[in-house]
Amino acid sequence: MSRSVVQSLLAKQEFDEVDMARRFAEEYKKEPNRGYGMGVVTVFKKLLSPKCSDVFEPARAQFNGKGSYGNGGAMRVAGISLVYSDIQDVKKFAKLSAELTHSNSLGYNGAILQALAVHLALQGELSRESFLEQLIGHMEDVEADDKSLADARALGFEDLPFSRRLKKIKEFLELSTVPKSDVLFELGNGVAALRSVPTAIYSFLRSMGSDPDIPDHYNNLQRAIIYCISLGGDTDTIATMAGAIAGAYYGEEQVPASWEQSCEAFQETEKVANSLYELYCQQL
Ligand SMILES: [Mg+2]
């Protein structure tokens, strides 16, 4: 689905919800056994119907109208930050791209947070403190709207749940060691965006320093990914998100040759990345 996001952005040279939705649904039709969640399969089937006139409607109808708050919208969102240089565009299109499958604010706000993290990582040298301060500032604004407050309350969460977890990350980073059990309790390793996007951000930030449990010959990007996997749970998704942030920050120099060989469609990805960069530069 990350590939569909970037292919759509490159084909249309901008965000186009109808084109992106069609690519999601057609990709599912081609390879239905790639581990899609049951809920999202219903959305794809509706999107494939000729009767579908509003591409956001199938996602809105999910779970009796409550919408999904899973991490799929966040997992695939990095391409938005690689195309749009303006932070308001990043927020707007991260939200819309996620809403094609995740209409609960706890789903699409996770996508906004992940997209903001990739955007900030692309700006280069930033301290952990200013990275987190900027994310908290944006998310306190994003999460203050009526729907975000209502969705969080309906699910039994406190107000501004992503912002609160970002503050918890700040506390963790001030400690010399944090047991994994504390990370799992506070941030999680699950399939909900709220229980995985903050975990990916924490993994990226903690891996700016060394890790006594990970040998020193692994670089920062590798440490971020290895740490996510060591937490268990929804490892592929959380490592994907941490890897996208770390990749934006450190660049391809930190992707070891041995990993390139084991990565699906690496050469195609490299080509697409160059095209995304050209599109990004056009807006500067
Ligand atoms: Mg997963």
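Ile 80 is buried, with 28 other C-beta atoms within 10 Å, where buried stands for 20 or more other C-beta atoms within 10 Å of a residue's own, exposed for 12 or fewer and partly exposed for values in between, the C-beta atoms being placed from the backbone. The model is predicted, and local features need pLDDT of at least 70, side-chain atom pairs count only at pLDDT 80 or more, and totals for chains, interfaces and linings use all residues. Residues are numbered from 1 along each chain as its sequence is written.

Ile 80 lies in helix α6 (residues 78-83), helices being DSSP runs of H or I with at least four residues, and strands runs of E with at least two, numbered from the N terminus. Leaving aside residues up to four places away in sequence, Ile 80 touches Val 5, Val 90, Phe 93, Ala 94, Ser 97 and Ala 115, a contact being a pair of C-beta atoms, placed from the backbone, within 7 Å.

In helix α3 (residues 38-48), the residues Val 40, Val 43 and Leu 47 are buried. They cover an arc of only 50° around the axis, which puts them on the same side of α3; the arc is that of the directions from the helix axis to the C-beta atoms. The buried residues of α3 pack against the helices tabulated here.

| Partner of α3 | Residues |
|---|---|
| α2 | residues 17-30 |
| α4 | residues 57-60 |
| α5 | residues 72-75 |

The face of α3 turned away from its buried side carries the exposed residues Met 38 and Val 41. Across the protein chain there are 17 helices and zero strands, and 44% of the 284 residues count as buried.

How values were computed. Contact = placed C-beta atoms within 7 Å.
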